[in-house]
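Subject: Structure for you to look at

Hi,

Here is the structure I promised to pass on. Have a look at it first, and then read my notes below.

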Amino acid sequence: MIDGKRVLIILPAWNEADGLPKILREIQQKLPGVDTLVVDDGSTDSTAAVAAAYGSKVAQLPYNLGVGGAMRFGYRYAHLHDYDVAIQCDADGQHDPAYVPALLEKLRSEADLVIGARFAGEGSYKVRGPRAWAMKLLSVVLSRVAKTRLTDTTSGFKACNKPMIEFFSHWYPVEYLGDTIESMVGAARCGFVIRQVPVAMRERTTGTPSASPIKATIYLARAGLVLLLALIRRMPANVKAIEPATRTAARRPELIGKV
Amino acid sequence: MCLTHARKARSIVQLSVLTSITGVLVLVWILELLRRQQLREKYAALWLGIGLVVAPLGFFPRLLDSTARRLGVASGVSLVLFAGFLLVLLVCVHLSWETSRLEAETRTLAEDVAMMRAHLAEHHDFPIARTGNGAIDPEVKA
């Protein structure tokens, strides 16, 4: 519980047995009273056992569904168990749980979906070449769609309020880049308010980022395609019917922070 | 003049032999798959229909010549080729659609299995699979 709200931190994890203890300990120390759910995405190491040993809730997917699949599961779990806030966080330790209160504050005051963004002032995360162009393109288009300045659209550090959780539990793109780009475009197109909060990224405690220019160019092409599809795809009616908390609050200001 | 005519007639007979054998084989194969219950009814109807159209065309490749000419296609064989290509294309698109749907369904099932396992692990001591090696001791690792 934080401010009387049930908060769930979802950590999609694929073979993260080495990185999990550190991040789980850190969450327990910095954010007491917050639940964590490790979604073991078909790991071949002891990810699930480690997560359970460190006091986290654990869900084991029977086979690998990818980050998007694991997150979709996370939102379905949060919706089924009636959480007020769901926070997505990487299990490799690059997101600092100390920023969670900042995300929650932004969520309480003015947004349905808050993104912890690199490049927004804090930290020293640098990218160049086609990958940087891809990020620029995504940032420009998504900022337009969401009608707010978004600098880091592929961030895996996000917080959602209750209607947003419900929305994502019914509709969450699971393909590569769909989980970051398309999910945001869909939310914005259905009237959910997206805001960002600057965060500093830490070095990953495990794994290395890819830096090949060919891969970066393919990334640019795929990002463009995903973006195009996201903009023209029709949203299902049952999903469009979910009312964002920010809209409810605008109609009834006394409810701010209560939905 | 007469000679070329004879050659043409012979080549048409040869073509008929090839296509009729193929047509019959395809039809027999489809019927056999149906008999062994390897094809679901919706596909069975589709392929059976195709088989029934293809088989007589195999015996008489010129059957569609007049229809083809009316449609502005030079010969019935070209028309069958075109229609066949179109059909295969449509079937491919249909199969892509079908696998997408199946994938979405199995995904939901996988999620539901994980959901129930998580519930059972939390409330009913359902064991969490240990795939890695070595003991896990929170105090030592932390």
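**What I found**

The largest nonpolar core has 87 residues, and those touching the most other members are Ile10(A), Leu11(A), Leu20(A), Val39(A), Ala86(A), Ile87(A) and Ile194(A). By nonpolar core I mean a set of buried Ala, Val, Leu, Ile, Met, Phe, Trp, Tyr and Cys residues joined through C-beta atoms within 7 Å. A residue is buried if 20 or more other C-beta atoms lie within 10 Å of its own, exposed if 12 or fewer, and partly exposed in between, with C-beta atoms placed from the backbone. Another core, of five residues, lies apart from the largest one and includes Val54(B), Leu64(B), Ala68(B) and Val80(B).

Please keep in mind that this is a predicted model, where local features need pLDDT of at least 70, side-chain atom pairs count only at pLDDT 80 or more, and totals for chains, interfaces and linings use all residues. Residues are numbered from 1 along each chain as its sequence is written, while chains are lettered from A and ligands numbered from 1 in the order in which they are written.

On confidence, the model scores ipTM 0.76 and pTM 0.80. Chain B has a mean pLDDT (the predictor's confidence in each residue, from 0 to 100) of 80, with 87% of its residues at 70 or more. Within chain B, helix H4 (residues 76–123) is highest at a mean of 90, and helix H5 (residues 138–141) is lowest at 48. Where pLDDT is low, the predicted coordinates should not be read in detail.

Chain A has 10 helices and seven strands (DSSP runs numbered from the N terminus: helices are H or I of at least four residues, strands E of at least two). Of its 259 residues, 51% count as buried.

Helix H3(A) is worth a look. 11 of its 15 residues are buried, so H3(A) is largely enclosed by the rest of the structure; among the buried ones are Met71(A), Phe73(A) and Tyr75(A). After H3(A) comes Asp82(A), with a positive phi near 60 degrees.

Finally, the contact between the chains: 27 residues come from chain A and 19 residues from chain B (two residues are in contact if their C-beta atoms, placed from the backbone, lie within 7 Å). On chain A, the elements giving two or more residues to this side are helix H1 (20–30), helix H2 (47–53), strand E3 (57–61) and helix H3 (66–80).

Best wishes
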